[in-house]
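Take a look at the model below.

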Amino acid sequence: MIHNLSCKIAFFLFEKKDSYNYQINIISYGIELILATVINFLIVLTIGIAFHRSIETIIFLAIYCSIRKYTGGYHAKNHMRCILTFSGFYLVCIFLWNRLDLLEKHEYLFGGMLVSYVLIWVFAPCLDIKKKLTEIEIVSAKNKSRMIITIYVFILIVLNIGINKGYLDYVNVGNMSIIWTAISMIIGKVVNKNEI
């Protein structure tokens, strides 16, 4: 579905430009990635709005996506599975926020975030077997993931120590984002190892 739509958009945009016809597959793939990402974000934002967790959703997406870009992680076999997996993944987060008293479990989330920090520091990046990276790109992704995760963890430690309890939900979302990033990375490493 997303693939067909992206092909139609690419042909519509570039059908009259002869110099781009040979690149139509590349353009179509780029549009496909953009569409899948937008659909994924819209579904997760809709879930967040439906459960009255809009701000938490934005915080989660900002932290999770900015770290995961460099840590890598589990990749579904197609866009539909990706959308279903990420939406399901996020529904678990919503369930945890709504069903568990995270203010009471704050120390556990904080500890989980610190363990996740170490896991990401040691094991990132999780390489996608379909996308080969050079040694320089691997080192760059490792350094960027370490820098970004360190900045977030520093901010979360400061907020964990000095935050007003009214804002503790937002700190817990940050903690949970880092935990889920580490889980995704570890699952990706396991899946990739089994596919080799």
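Begin with how a helix axis is drawn: it is a line fitted to C-alpha atoms, over the stretch in contact, and angles between axes run from 0 to 180 degrees between N-to-C directions. Helices here are DSSP runs (H or I, at least four residues), as strands are (E, at least two), and they are numbered from the N terminus. This is a predicted model, so local features need pLDDT of at least 70 and side-chain atom pairs count only at pLDDT 80 or more, while totals for chains, interfaces and linings use all residues. Residues are numbered from 1 along each chain as its sequence is written, and side-chain values use heavy atoms, with hydrogens and water left out.

Now the overall picture. The protein has seven helices and zero strands. Along the sequence the pattern reads α-α-α-α-α-α-α. Of its 196 residues, 36% are buried (under 20% relative accessible area; exposed is over 50%, partly exposed is in between, with a 1.4 Å probe and protein chains only). A contact means heavy atoms within 4.5 Å. Take the contacts between residues at least 6 apart in sequence: 78% of them join residues at least 24 apart.

How do α5 and α6 pack? Helix α5 (residues 106-123) and helix α6 (residues 135-162) meet at an angle of about 160 degrees, and their axes are 10 Å apart. That makes α5 roughly antiparallel to α6, because angles over 145 degrees count as roughly antiparallel, under 35 as roughly parallel, 65 to 115 as roughly perpendicular and the rest as oblique. The contact includes Phe110, Met113 and Tyr117 of α5, and Ile149, Val153 and Leu156 of α6. By class, the residues of this contact are 11 nonpolar, three polar and two charged. Nonpolar means Ala, Val, Leu, Ile, Met, Phe, Trp, Tyr, Cys and Pro; charged means Asp, Glu, Lys and Arg; the others, Gly among them, are polar.

Asparagine 175 sits in helix α7. Is asparagine 175 buried or exposed? It is buried, with a relative accessible area of 0%. Asparagine 175 touches residues including Phe110, Met113 and Leu156, not counting residues up to four places away in sequence.

Next, another pair. The axes of helix α3 (residues 54-71) and helix α4 (residues 79-99) come within 12 Å and cross at roughly 130 degrees. That makes α3 oblique to α4. The contact is made by Glu56, Thr57, Phe60, Leu61 and Tyr64 of α3 and Phe86, Phe89, Tyr90, Cys93 and Trp97 of α4. Eight of these residues are nonpolar, one is polar and one is charged.

In soluble globular proteins, nonpolar side chains tend to be buried together. A nonpolar core is a set of buried Ala, Val, Leu, Ile, Met, Phe, Trp, Tyr and Cys residues joined through side-chain atoms within 4.5 Å. The largest one here has 16 residues, and Phe60, Phe86, Tyr90, Cys93, Trp97 and Trp180 touch the most other members. Helices α2 (24-50), α3, α4 and α7 (168-195) each give two or more residues to this core. Helix α4 gives the most, with six. Apart from this core lies another, of 15 residues, among them Ile67, Val171, Ile178 and Ala182.

End at histidine 52, in the loop between α2 and α3. Histidine 52 is exposed, with a relative accessible area of 71%. Its C-alpha atom is separated by 10.0 Å from that of asparagine 98, a residue 46 places away along the chain.
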